[in-house]
Amino acid sequence: MESRVPIQETCIIPSRGKVYSDMEVPEQFTLRAMTTVEEKMRLSGQGIEVIPKLIQACTVEPEKIDVSKLKMFDIQFLMYKLRTVTYGSDYEIEIRCPHCGATKRVTINLDEIPVNYLDEEPNLVFGPLPVSGDMVECKALSAADYAYIAREAKRIKNKFLNYVGDPEIILTLQSKILKVNGEDLPANMSQKYVETMHMRDVRYLESKYEDALGNIGLDTDMTEVCDDCGSEFEFTVSTDSDFFRPRY
């Protein structure tokens, strides 16, 4: 029996394709609804690994695109669109009042979450850093970058049982930095450079990086009024285990 044509939706990604110097990315994507094949895929792995694969499988246009290389703000947006085109825009979550501890369930309309679009290519050259005086060129991290960071951090922890701290801190900063003072930072030098950075330089770089890229994409911060104590509080729309398992 011939299957029915899946529901599709075309949308504009937050970056509008303006942050991809190494590949051609259009501003419009068309996604189809998930089928049982994609649900089987979703249950087969962890989020940072499997979500790009789901989006890849359900992308109708553009036909040839490596979704894993998309930046995370575009990935998150497309994940929300995949959820709405499959299950609809209503998403029920439980939130807790930080003032009195009362919980309540609220329904979020995912299509009404504000989206901050990029108008022009951001300047990702930061500096001079306050201590070293270096000029540092960075990149927005992709899903593939975050998957690498998670895998490498796990490898380091398994190999070096006495490793102190969280290796993802160093790995994330390494992955962000492309050039220092206009010169490429080779892999064998990036770890040493990052590990010896003055923390004032690190904080400066993180702040400027956040200013340049932090507002792109979905704005999932919301406010709610507690039914018990009447206090207004903020919460963030979380993508828990029910995100792709709505209740009927």
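Me: How much of the contact count in this protein, at a separation of 6 or more, comes from residues 24 or more positions apart?
Reply: In this predicted model, residues 24 or more positions apart account for 65% of the contacts with a separation of 6 or more, where a contact means heavy atoms within 4.5 Å. Local features need pLDDT of at least 70 and side-chain atom pairs count only at pLDDT 80 or more, while totals for chains, interfaces and linings use all residues. Residues are numbered from 1 along each chain as its sequence is written, and side-chain values use heavy atoms, with hydrogens and water left out.

Me: OK, and what does the secondary structure come to?
Reply: The protein has seven helices and 13 strands, taken as DSSP runs numbered from the N terminus, with helices being H or I of at least four residues and strands E of at least two.

Me: Which strands pair with β2?
Reply: Strand β1, residues 8–12, pairs with β2 in the antiparallel sense over five bridges, and strand β3, residues 59–61, pairs with β2 in the antiparallel sense over two bridges; pairing requires at least two DSSP bridges between the strands.

Me: Which residues stand opposite each other there?
Reply: Cys 11 stands opposite Phe 29 in β2, and Thr 30 stands opposite Glu 61 in β3.

Me: Is β2 mostly covered or uncovered?
Reply: Strand β2, residues 28–32, is mostly covered, with four of its five residues buried, meaning under 20% relative accessible area with a 1.4 Å probe and protein chains only.

Me: And how much of the whole protein is buried?
Reply: Of its 248 residues, 41% count as buried.

Technical notes:
Buried < 20%, exposed > 50% of the residue type's maximum accessible area, 1.4 Å probe, protein only.
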